[in-house]
Amino acid sequence: MSTHPSRDDAPVLEVTDLSVEYHGEHRTVRAVDRVSFTIGRGEIFGLAGESGCGKSTAANAVMRLLREPAAITGGTIRFQGRDVLALDAEELRTLRWREVAMVFQSAMSSLNPVMTVGDQIVDIFTTHERLRKSVARERAAELLELVRIDPGRLRSYPHQLSGGMRQRVVIAMAVALRPQLLIMDEPTTALDVVVQQEIMAQIAELQRSLGFSVLFITHDMSLMIELSHRMAVMYAGRFVETAPARDLFAHPRHPYTRALINAFPPLSGPNTPLVGLREGVRFTDIPDLREEAPGHWVAPVPVGTVIDGGRA
Amino acid sequence: MSTAAPATSTRTDPPAAPDAVISLRGLSVDFPVGGLFSRTVVRALRSVDLDVERREIMALVGESGSGKSTIARCIARLEKPTAGQILVDGVDVLRSEPRRASRAYRRKVQMIFQDPFGSLNPAHRVHQFLERAARLHGRATGAEQMRELVEELMATVDLPAEMLESRAFELSGGQRQRVSIARALAVGPEVILADEPTSMLDVSVRIGVLNLMRRLRDERGISMLFITHDLASARYVADRTTVMFAGELVESGASMALMARPAHPYTQLLLSAVPDPSRAGSYDPAERARLRAAVLEADSCPFDGDPGPTCSRTEPVRHDVGPAADRHWVRCHLYRPAADVASRALAVDTVDPTDPAAR
């Protein structure tokens, strides 16, 4: 799964010093704090972190989906070299479906419950590609076949499908217009492990055949390491570590990264006690990343910080 | 859907294991479906025999809908079984206290839920949760003794004593789950039923809660039934693991042995699907299809001809596997669970992956 993408061409996505703030009546929270990353062509980039760390906010910022009270307060986002923050409404519309597509956790809320799956897919083609209905129907059938669903299912309503099938339909719709970047925010969190694995294998296969780039968000480190080429770990709006996924798994350098990996005990080998983060530990004033090994960037941890806890 | 008579009427139940705190015998639960006058039922549990022993953590793993939470809810007396026995210290509590659980029972068996946000009133202070539980079960007399008890409970679950004055809404998910555990401990239980206690917690604090569970077993001798969908957590904390599929038990044994040498195709299927960076890219559609078929329509059993029980297509016969110390058994591969229930649980939602054109 980890054939490395070619590095010779320019990145598809370039995020530099991005900051996002939520403005409340009494205080302002910086949800994303001076975050920088790039995603190469055909690269799967993982963004790991716990709920509230800012990973979904960062992804929404890339699509410019943030609404009041959240606002981008600093930094730049470049997609294929263009400044995303300078796009007008029409350009944004094109960006969102045609160039960047998004898959969320809950397939049920991404699908219209009172429309058949077929009608929803046909809508994409008639609206964005101005295809005739009959042609759009053919394309819809091909699309379902692409994600291994019987085209007969075009006549089904979302509630008639299993959870896994619904998520496959959503993925099919996301890649319908052949976007260059697919953003997936916890795409399999609501699914059982057997279905999850099949969906992830499907995504990896689609990615290989269609060649798009992926921004993959999850809290599940094992899943992320399996799928991603490169990944970053986010904590309280900051990146604490970024490296090739295998390297990060084999040699995690930041204590928070170690705690996240330890949260998923191994299924083979000796049953050694693991420690997580001590209840209530907070990292504050996280410094900028430093390159500690080739391609492996880490935020230095102040000497004397007490981190590990939860007596084993 | 099933119209079969409760299996308990046609067989003799094995006696309760001598060292068991809780023994389930032939436990079945039917849920009515359809309209008011409909007589169709969904069999959520079918004739479950399970023992949780003293000082042991027994993990019950399976996918959503497998019936694992229904077992916990039956033991906690939140659900009324259609048939079967729940033996606690050898007494069938469904007979001795048929309508609802006695206070003595609730003192013995405590439950921790998945959602620490839903199980604690957000406006109440931590000491109130602990004191109420302790007082109700007569665990402390006088203010001094009570103060000692709650402080000791906080130390046990690794929370600072100052937090006794905090209100629940001020705590993180991990801290709340620790308070739920302290509240369960406040009544001095023998058994804790933990239904997915870590699945809603932030990942970085999950392992801490699992470590706490291990400590409660080792230091206080508390038994636990640990319900989880996560095989890795089960392997990490549980002495034994039991696998459920479509309302029935499929395989059980010492956790390490069971995960190292899964004997049932369903267990193999579950284990092969857990993300594991050390064997990335291992997904094999053909192997997957073979395992599914082996679960749903097996035609042979590798234990056929065993000196033990004879294979059966209709009775869930158990074959012993491996050294006796592992207490590892697997349901006969030949056994075919009710087709509709099983195939719903193992829905194949893609076109046949063995079809070469679809690869």
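This is a predicted model: local features need pLDDT of at least 70, side-chain atom pairs count only at pLDDT 80 or more; totals for chains, interfaces and linings use all residues.
**View 1. Glu196(B) is a buried residue without a salt bridge.** Buried means under 20% relative accessible area, exposed over 50%, and partly exposed in between (1.4 Å probe, protein chains only). A salt bridge is a side-chain nitrogen of Lys or Arg within 4 Å of a carboxyl oxygen of Asp or Glu. For Glu196(B), the nearest side chain of opposite charge is Lys68(B), 4.0 Å away; Lys and Arg count as positive and Asp and Glu as negative, while His and the chain ends are not counted. Setting aside residues up to four places away in sequence, Glu196(B) touches Lys68(B), Gln114(B), Ile227(B), Thr228(B) and His229(B). Contact here means heavy atoms within 4.5 Å.

**View 2. Ala186(B) is buried, at 0% relative accessibility.** Look for Ala186(B) in helix α6 (residues 173-186) of chain B. Helices (H or I, at least four residues) and strands (E, at least two) are DSSP runs, numbered from the N terminus. Beyond its neighbours within four places in sequence, the contacts of Ala186(B) include Leu130(B), Ala133(B) and Leu153(B). His137(B) is 49 residues from Ala186(B) in sequence, and their C-alpha atoms are 8.6 Å apart.

**View 3. A cis peptide bond joins Glu68(A) and Pro69(A).** Omega is about 0° at this bond. Pro69(A) belongs to the loop between α1 (55-62) and β4 (70-79) of chain A. For background, most peptide bonds are trans, and most residues other than glycine have a negative phi.

**View 4. Arg77(B) has a positive phi of about 65°, although it is not a glycine.** You can find Arg77(B) in the loop between α1 (68-75) and β4 (83-88) of chain B. Arg77(B) counts as buried because its relative accessible area is 17%.

**View 5. Asp158(B) also has a positive phi, near 65°.** Its loop runs between α5 (143-156) and α6 of chain B. With a relative accessible area of 28%, Asp158(B) is partly exposed.

How values were computed. Residues are numbered from 1 along each chain as its sequence is written. Chains are lettered from A and ligands numbered from 1 in the order in which they are written. Side-chain values use heavy atoms; hydrogens and water are left out.
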